[in-house]
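Please look through the sequence and the model shown here before reading on. The report is meant to be read with both at hand.

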Amino acid sequence: MAAGRLPARVLEQLLSYLELPDLLSCSLVCRHWRRCLEADENSEVWRGLCGRLLADEAAGSDVLCSLGSYKAKLRALRHAWSPGDCSRNVYIKKNGFTLHRNPIAQSTDGARAHIGFSEGRHAWEIWWEGPLGTVAVIGVATKRAPMQCQGYVALLGSDDQSWGWNLVDNYLLHNGELSGNFPQCNNAPKYQIGERIRVILDMEDKTLAFERGYEFLGIAFRGLPKASLYPAVSAVYGNTEVTMVYLGKPLDG
């Protein structure tokens, strides 16, 4: 029997033994195989792979509560913080989605995600699980942006390779300069620990926007470069933790 004619249930059982890179290759074999992988994001294929790859610390917590399928959880894991692309004073916890900043004096420390974006529209949630300190910045950065520096500064946004929103004072930062208050309203509320902020990167319109809960806060940056931009963060407070979960394409409206 030709591979393209295998019954869907048989094909699903076979694919459930493969790892993620192999599944990505299988999706290119033919339309039948692609449909099998895309039709049900909670199929045995994705459930089994999620069980093998997703740490118990993440599966048993509310970190991924915004995601509705096994495939979405695996996608988020692929886009999580990169242990090899962060400050030496930062480590990624066992759940795979939360960074921990060690209590190092006079240092600002950052991290980038595994995957950057040069096209398409993307959204992710990010939240602090400890004190903000004097500077706590979320945003995007190119691969050239530094992820560590001396002193307590707004590292993300300190050069022309990164764009950030300092949650402590509600200032936007780029190229070492303040780009105005955000959100642009009188007496904008300050960030509360544990509050999830949704970051929306639109590489079609070259904009970066933010949401709080179900409230769209507005576009923070326009005219972003045609380059690969990575979810990024910088922190200064010892033992603070920051979690980031990739959501996929943002929902409009």
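This is a predicted model: local features need pLDDT of at least 70, side-chain atom pairs count only at pLDDT 80 or more; totals for chains, interfaces and linings use all residues.

Residues are numbered from 1 along each chain as its sequence is written, and side-chain values use heavy atoms, with hydrogens and water left out.

The secondary structure of the protein chain comes to six helices and 15 strands, where helices (H or I, at least four residues) and strands (E, at least two) are DSSP runs numbered from the N terminus. Of the 253 residues in the chain, 51% are buried; buried means under 20% relative accessible area, exposed over 50%, and partly exposed in between, with a 1.4 Å probe and protein chains only. Among the contacts in the chain with a separation of 6 or more, 65% are between residues 24 or more positions apart, a contact being heavy atoms within 4.5 Å.

Seven strands form an open sheet in the order β2-β3-β15-β5-β11-β12-β13, with antiparallel pairing. The edge strands are β2 (90-92) and β13, each of which pairs on one side only. Two strands pair if DSSP finds at least two bridges between them. Within this sheet, β3 (residues 98-101) and β15 (residues 241-248) are joined by three bridges, and Thr98 stands opposite Thr243 in β15.

| Strand pair | Bridges | Sense |
|---|---|---|
| β8 (residues 162-166) and β9 (residues 171-174) | four bridges | antiparallel |
| β9 and β10 (residues 177-181) | three bridges | antiparallel |
| β6 and β14 (residues 230-235) | six bridges | antiparallel |
| β6 and β8 | five bridges | antiparallel |

β8 and β9 form a hairpin with four residues between them, and Asn170 in the turn has a positive phi of about 60 degrees. In this pair, Trp165 stands opposite Leu172 in β9. β9 also forms a hairpin with β10, with two residues between them, and here Asn175 in the turn has a positive phi of about 55 degrees.

Strand β6 (residues 136-141) is mostly covered, since six of its six residues are buried. In a regular strand the side chains alternate between the two faces of the sheet. In β6, Ala136, Ile138 and Val140 point one way, while Val137, Gly139 and Ala141 point the other way. The bridge partner of Ala136 is Ala235 in β14, and that of Val137 is Asn166 in β8.

Which residues are the closest to the centre of the largest pocket? Of the 23 residues that line this pocket, they are Arg198, Ile200, Glu211, Pro250 and Leu251. The elements that give two or more residues to the lining are β5 (121-128), β11 (197-202), β12 (207-212) and β13, and β12 gives the most, with four residues. A pocket, on a 1 Å grid over the protein atoms alone, is an open set of points where a 1.4 Å probe fits, with protein on both sides within 12 Å along at least five of seven lines, and lining residues have an atom within 4 Å of a point.

Phe216 is found in β13 (residues 215-222), and Phe216 counts as partly exposed because its relative accessibility is 48%. Not counting residues up to four places away in sequence, Phe216 touches Ile200, Ala209, Phe210 and Glu211. The C-alpha atoms of Phe216 and Arg198, which are 18 residues apart along the chain, are separated by 9.0 Å.
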